[in-house]
Amino acid sequence: MLQEINFDGLIGPTHNYAALSFGNLASQTNAGATSRPRDAALQGLAKMRFVMGLGLPQGYLLPLERPNTVWLRALGFSGSDDAVCAAAHAADPRLFAQGCSASAMWTANAATVSPAPDTLDRRTHISVANLSRMVHRSIEHGETEAMLRRAFAHLHFAVHAALPASFGDEGAANHMRLAAEHHLPGLEIFVYGEEAGRFPARQNRRASEAIARRHALDPARTAFVAQSQDAIDAGAFHNDVVAVANGRVLFAHEQAFADPAGLRGWLGEAMADAVFIEVPAAAVPLEDAISSYLFNSQLLTLPGGEMALILPGECETCGSVRTWLDTLLAADTPIRHLHFVNVRESMRNGGGPACLRLRVAAAPHTIDPRFLLTPARADALEALIEAHWPETITPGDLGSADLWGQARAARGALLGLLGL
């Protein structure tokens with residue numbers, strides 16, 4: 001039977017705060033701060049351990065090669081790897097920072113996944129995201145595709161290359177699925193933005209439509225929904241900052257969608273027992289929802305059938321959010337448990353618990369076991385991170401050959417450990 005498996009991004013050794021993501025308020029606010037890559041990776045691994053401890057299968061995806069000297073060479077820099085890095089940093093420090101970004105850690109942007117019960121050929125379709133709206137992310141999809149083709153090489157899966165860059169696609173961060181059970185046919189909701197406001201819309205409607213076609217989804221069970229401009233302008237650069245779905249529950253802020261009544265009506269017709277939990281702006285202002293990343297929590301179905309929210313610790317300290325969560329637990333909804341986790345290093349760059357994971361409904365035996373977490377593998381990864389990841393990175397460190405060498409050695413040790 002299919003199970004939902006969360007594949008978290010293992011946070012890479014070049015995690016830093018270069019503020020490369022326009023419209024991501026946390027990223028911009030922490031520009032130039034000192035990052036802690038070792039703590040970041042350990043925090044992410046601790047979250048994976050916690051979810052695994054709830055009785056759920058857990059996978060991971062690997063950090064990409066950074067600095068990305070292949071990309072830098074394509075831009076005209078030449079010589080040894082260190083010479084390429086030195087020349088690029090001297091010529092254009094921001095360009096070089098883009099080539100050093102550890103942003104692939106947010107695997108919610110890696111791809112869009114349609115499980116086998118939803119597709120015409122009954123295979124799980126995975127479309128790699130082009131991430132074309134941000135330079136530092138647009139360079140990821142080739143490496144990501146190669147990794148996904150290795151992890152999901154079984155005939156059960158169909159892995160698709162990224163769409164043409166003209167049609168911006170940000171992956172599962174703008175995609176939601178509702179189904180009575182993960183192994184049953186479900187509804188797929190694609191959320192897109194319009195180019196009309198303070199910040200750029202990341203997800204293009206035509207990109208979403210193309211993915212629905214290539215995944216051979218049932219049009220009657222597929223919806224294309226506009227994100228509200230208020231949400232985008234407030235810093236909800238992806239839909240998963242203001243909405244998340246799981247099972248038959250859609251959990252969203254009142255201002256998440258341009259036409260919430262229309263979405264509610266469609267849900268009522270397509271899934272009679274769907275539960276739309278809408279948080280009113282009067283209870284949780286949009287600014288609090290975004291700063292705390294309330295909706296970037298992981299909404300999970302536990303082995304016993306009840307649902308739990310895996311929330312960033314910031315939700316516990318935000319007054320309006322904490323008060324509303326108490327109200328939620330007292331209400332009669334499928335969400336019965338709250339768990340707060342520390343992913344502070346990711347949060348400071350604008351990524352909460354849900355940003356760090358890609359959901360794949362699959363039978364575990366169809367997945368390359370090197371991408372599945374076990375307690376023993378978690379122990380080994382923790383020891384490797386402690387030994388190889390930098391403790392801190394300041395803005396000035398990005399130009400250091402010592403850092404480049406350490407990053408290469410760390411990733412090399414990781415690949416060696418996993419037999420990759």
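**Helix packing and a hairpin**

Okay, so helices H2 and H15 are roughly antiparallel to each other, since angles over 145 degrees count as that. Their axes, H2 being residues 37–53 and H15 residues 375–388, come within 10 Å and cross at roughly 170 degrees. On the H2 side, the contact (heavy atoms within 4.5 Å) is made by residues including Leu42, Leu45 and Met52, and on the H15 side by residues including Leu381 and Ile385. By class, that contact has eight nonpolar, no polar and five charged residues.

Quick caveat: this is a predicted model, where local features need pLDDT of at least 70 and side-chain atom pairs count only at pLDDT 80 or more, while totals for chains, interfaces and linings use all residues. Residues are numbered from 1 along each chain as its sequence is written, and side-chain values use heavy atoms, leaving out hydrogens and water.

Next, helix H7, residues 141–151. Its buried residues (under 20% relative accessible area, 1.4 Å probe, protein chains only) are Thr144, Glu145, Met147, Leu148 and Ala151. They span an arc of only 165 degrees around the axis, which puts them on the same side of H7. Among what covers them are strands E2 (58–61), E3 (111–114), E4 (124–128) and E5 (157–160).

Last stop, strand E9, residues 243–246. Both faces are covered: Ala243 and Ala245 are buried on one side, Val244 and Asn246 on the other. E9 pairs with E10 (residues 249–253) in the antiparallel sense over four bridges; pairing takes at least two DSSP bridges. Ala245 sits opposite Leu250 in E10. Two residues lie between the strands of this hairpin, and Gly247 takes a positive phi near 60 degrees.

Conventions. Buried means under 20% relative accessible area, exposed over 50%, partly exposed in between (1.4 Å probe, protein chains only). The arc is that of the directions from the helix axis to the C-beta atoms. Axes are lines fitted to C-alpha atoms, for helices over the stretch in contact, and angles run from 0 to 180 degrees between N-to-C directions. Angles under 35 degrees count as roughly parallel, over 145 as roughly antiparallel, 65 to 115 as roughly perpendicular and the rest as oblique. Ala, Val, Leu, Ile, Met, Phe, Trp, Tyr, Cys and Pro count as nonpolar, Asp, Glu, Lys and Arg as charged, and the others, Gly among them, as polar.
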